[in-house]
Amino acid sequence: MVGFGPTDVPPSAAVKFVGAGTAACFADLLTFPLDTAKVRLQIQGEAGGSSGAGRGCVAKYRGVFGTITTMVRTEGPRSLYSGLVAGLQRQMSFASVRIGLYDSVKQYYTRGSDHVGIGSRLLAGCTTGAMAVALAQPTDVVKVRFQAQARSPGNARRYCGTIDAYKTIAKEEGVHGLWKGTAPNIARNAIVNCTELVTYDFIKDTLLRSTPLTAFGAGLCTTIIASPVDVVKTRYMNSAFGQYSSVLDCAVAMMTKEGPLAFYKGFMPSFLRLGSWNVVMFVTYEQLKRAMMAAKSNGATMA
């Protein structure tokens, strides 16, 4: 792979923290349209949806590229990046903790032992996932609501901008509204972390040395397992105040009104996004760690 070679000094926790957030932002810039298409498909067909994109029984969006094409035709190409500011805010606060602190937490649970079992990896993944959600949940709520917000003359915009969204949600739903859907998000990210990071870790160590193939495989496993929770999380976070009494009510409404397949709405864009996001993120992350450690080592040498 073209890039920086490995350094003799292992990256510090600070390097991993900053590198993970930066790499995640870069990956988000490239894959955000797929994430937006996923959200639109996940809320499609929802009775009483809070955005124009989710209302009605007629399928407005069909497939990944059909969704993207429809959005560009009816709302303009900028609609594919609606919520990007909140998305980048989310990655800088979320991925820095979720991915950047994973190795440190894993070492904490193993007490510095060279032998790392699957239990320690699972525990570390759940821990960093929960910590990341607790910190970044408001940014996720705003991101999802912007992505679900259809940009068309017939639909009034819910929010004028990112800051306005934070203020409006806090004013209309209370500060706790910014943490709406925290429980399913923690569950979803525990699944994502355990599947994505642990699978990536395991495949890289035992089966493959190719980072893109490893990351893509991790993305597939994650999508299959996490999709039902992800759909419920998206709908609940995007829901109007009082639309659902609880997360369970949201899940039951989906099952009774749309059937079990509703839990896999948006599967293909979710898979494509996670797979490509993982490839870009982890490759960039590895290179950033090496670049920062190389720069740090050169600075120490010159000093």
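Select helix 4, residues 102–110: K106 and D103 both sit in this helix, three residues apart, about one turn of the helix. Helices here are DSSP runs of H or I, at least four residues long, and strands are runs of E, at least two long, numbered from the N terminus. This is a predicted model, where local features need pLDDT of at least 70 and side-chain atom pairs count only at pLDDT 80 or more, while totals for chains, interfaces and linings use all residues. Residues are numbered from 1 along each chain as its sequence is written, and side-chain values use heavy atoms, leaving out hydrogens and water.

**Stop 1: the pair in helix 4**

Show the side chains of K106 and D103. They meet in a salt bridge, 3.5 Å from N to O. A salt bridge here is a side-chain nitrogen of Lys or Arg within 4 Å of a carboxyl oxygen of Asp or Glu. Both K106 and D103 are buried. Buried means under 20% relative accessible area, exposed over 50%, and partly exposed in between, with a 1.4 Å probe and protein chains only.

**Stop 2: helix 4 against helix 5**

The axes of helix 4 and helix 5 come within 9 Å and cross at roughly 130°. Axes are lines fitted to C-alpha atoms, for helices over the stretch in contact, and angles run from 0 to 180 degrees between N-to-C directions. Helix 4 is therefore oblique to helix 5. On this scale, angles under 35 degrees are roughly parallel, over 145 roughly antiparallel, 65 to 115 roughly perpendicular, and the rest oblique.

Now pick the contact residues (heavy atoms within 4.5 Å). From helix 4, select Y102, V105, K106, Y109 and T110; their partners in helix 5 are S120, R121, L123, A124, G125, T127 and T128. This contact divides into five nonpolar, five polar and two charged residues. Ala, Val, Leu, Ile, Met, Phe, Trp, Tyr, Cys and Pro count as nonpolar, Asp, Glu, Lys and Arg as charged, and the others, Gly among them, as polar.

**Stop 3: K143 and D35**

Which residue forms a salt bridge with K143? The partner is D35, with the closest N and O atoms 2.8 Å apart. K143 counts as buried at 5% relative accessibility, and D35 at 3%.

**Stop 4: R188 and D230**

Next, select R188 and D230. Their side chains meet in a salt bridge, 3.3 Å from N to O. R188 is in helix 7 (residues 182–206) and D230 in helix 8 (residues 211–238), so the pair ties together parts that are 42 residues apart in sequence. R188 and D230 are buried.

Keep both pairs on screen. D35, K38, R90, D140, K143, R188, D230 and K233 are linked in a network of salt bridges.

**Stop 5: helix 1 against helix 2**

Select helix 1 and helix 2 (residues 64–75). They pack at about 95°, with their axes 9 Å apart. The two helices are therefore roughly perpendicular to each other. P33, L34, T36, A37, R40 and L41 in helix 1 meet V64, T67, I68, M71 and E75 in helix 2. That contact has seven nonpolar, two polar and two charged residues.

**Last stop: the whole chain**

Zoom out. The chain has 10 helices and zero strands. Of its 303 residues, 51% count as buried. The structure holds 15 salt bridges.
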